[in-house]
Amino acid sequence: MKWYLAKLVYRILCGDGAHTPQFDEQLRLISADDELHAFQKARLFGHREQDNFLNAADKPVHWRFIDVSEVHELNSLNDGVEIYSRISEEENGEIYTKLTLMRASHLQENFLHTSMQLN
């Protein structure tokens, strides 16, 4: 068995769908004999995990699986190996940088808090 990284894409529809289109891209680790089986297995996960529910405003939310858009074999799982990269263009680079730093700080605080509780 080999390890693969598959990208599953879902469309999120809220209420009557009259909103900016929303998509969820998920990266999943898949264990399979080859790329074809990894692709098929990822598709099964995608179809099985579609969902319908009511949000806090009592409006229907539908997560519709679109398909698997990428499959990559992971040749080795080593410390620090790059698994995924995405380049995005942001309207305001300073705000993006500040938000990234705030998220990192929040993560560090949560990890430290959890670590202290365990000790």
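Which residue in β4 is the bridge partner of L54? The partner is P60. This is a predicted model, where local features need pLDDT of at least 70, side-chain atom pairs count only at pLDDT 80 or more, and totals for chains, interfaces and linings use all residues. Residues are numbered from 1 along each chain as its sequence is written, and side-chain values use heavy atoms, leaving out hydrogens and water.

**Confidence**
- The protein has an average pLDDT (the predictor's confidence in each residue, from 0 to 100) of 88.
- A score of at least 70 is reached by 97% of the residues.
- Mean confidence is highest in helix α1 (residues 35–48), at 95, and lowest in α2, at 85.

**Strands** (E, at least two residues, as DSSP runs numbered from the N terminus)
- Strands β3 (residues 51–54) and β4 (residues 60–74) run antiparallel, joined by four bridges; strands pair if DSSP finds at least two bridges between them.
- Five residues separate β3 and β4 in a hairpin. In its turn, D58 has a positive phi of about 65°.

**Helix α2** (helices are H or I, at least four residues)
- Helix α2 covers residues 93–118, which is 26 residues.

**Residue S31**
- S31 lies in strand β2 (residues 22–32).
- Not counting residues up to four places away in sequence, S31 touches M1, K2, W3 and K41; contact means heavy atoms within 4.5 Å.

Conventions
The expected span of a helix is 1.5 Å times one less than its number of residues.
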